[in-house]
Amino acid sequence: MDRVRKNKIVEKSNNQGFSLIELIIVLLIMSILAVFSIIAFGSKDLFYADHQAYLLMDAFKEARQRALTQQETIRVELSKEKREIRIINENEPGNAADDVVIKRIPLAEEKYLLTFDSPPANMDNAPQEPTPVPTASFKSSLHPHSLGEKVATLRFLKNGNVVNEGSNEVGDNSVVTGATFYFWKPRVADDKTITNKGVVIRAITVLGSSGNSSYWKCGVKNNQCSEWTH
């Protein structure tokens, strides 16, 4: 008789479903997941600096490899106006008419506030490489595929060196040079003003002597970028 009573009690308990405590725990977990989802989706544009920097480094690696294997000069342009990376095969030296755009790589739209044409104001120093890597400069292009655009240009040679754009459309008088390209997300002030200080700061360096490229990141502490790491 006692066994029957116990079975009925267990059966009744099992049919009651979740307890109040269990429901509270489930709701709490769902709330935490929702908060994390909102944070993730709301701040995903902060990671555009990483993504875009890697796109440029991939372009440099491809250009270097093509130059070495094809034994031709491969040009890489980063366009400020069109917000794109172009990889160009210069083909016959001294003739810009036969240059061919191998690849166009679009960058993030302006609405994401990604800056890449100048370094942020809150940097204490630049990434340190064994040889000089000055900040990349954006100049009005003389090249047919980007005529008049503000572009930063590196030309990868078949001997492994990297040179600048030179003095004309075919790159005459170019010199061996490295370059540093910055990708950063500006801080937006409380009054919605876009500042010249970065909250996420990344950089790509290219060595003029070898064409090797590196990815760098700088942790921002107290609104200042002080230390670069690979």
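The largest pocket holds about 280 Å³ of space. Here a pocket is an open set of points on a 1 Å grid over the protein atoms alone, with protein on both sides within 12 Å along at least five of seven lines, and lining residues have an atom within 4 Å of a point. Grid points are joined across faces, edges and corners, and the volume is the space filled by probe spheres set on them, the probe being 1.4 Å. The model is a predicted one, in which local features need pLDDT of at least 70 and side-chain atom pairs count only at pLDDT 80 or more, while totals for chains, interfaces and linings use all residues. Residues are numbered from 1 along each chain as its sequence is written, and side-chain values use heavy atoms, with hydrogens and water left out.

Back at the largest pocket, 19 residues line it, and Thr 73, Glu 90, Asn 91, Pro 93 and Arg 155 sit closest to its centre. Sorted by type, the lining has four nonpolar, seven polar and eight charged residues. For this sorting, Ala, Val, Leu, Ile, Met, Phe, Trp, Tyr, Cys and Pro count as nonpolar, Asp, Glu, Lys and Arg as charged, and the others, Gly among them, as polar.

The second largest pocket comes in at about 160 Å³. It is lined by 14 residues, with Ala 136, Ser 137, Thr 153, Asn 164 and Thr 177 closest to the centre. Two elements, β5 (150–156) and β7 (179–188), each give two or more residues to this lining, and β5 has the largest share, with three. Strands like these are DSSP runs (E, at least two residues), as are helices (H or I, at least four), and both are numbered from the N terminus. By type, this lining splits into six nonpolar, six polar and two charged residues.

Next, the inside of the protein. The largest nonpolar core has 31 residues, and Phe 60, Leu 78, Ile 85, Leu 154, Phe 156, Phe 181 and Phe 183 touch the most other members. Such a core is a set of buried Ala, Val, Leu, Ile, Met, Phe, Trp, Tyr and Cys residues joined through side-chain atoms within 4.5 Å. Buried means under 20% relative accessible area, exposed means over 50%, and partly exposed falls in between (1.4 Å probe, protein chains only). At least two core residues come from each of α3 (48–70), β1 (74–79), β2, β5, β7 and β8 (194–206), with α3 giving the largest share, eight. Another core, of nine residues, lies apart from it and includes Ile 201, Trp 216, Cys 225 and Trp 228.

Glu 84 lies in β2 (residues 84–89) and counts as buried because its relative accessibility is 11%. Its side chain makes a polar contact of 2.5 Å with the side chain of Arg 86; a polar contact is a pair of N or O atoms within 3.5 Å, where, within protein, one must be able to donate a hydrogen and the other to accept it, and residues adjacent in sequence count only if both atoms are side-chain atoms.

Arg 83, in the loop between β1 and β2, has a positive phi near 50° despite not being glycine, and is buried at 13% relative accessibility. Gln 71, in the loop between α3 and β1, also has a positive phi, about 55°, but is partly exposed at 43%.
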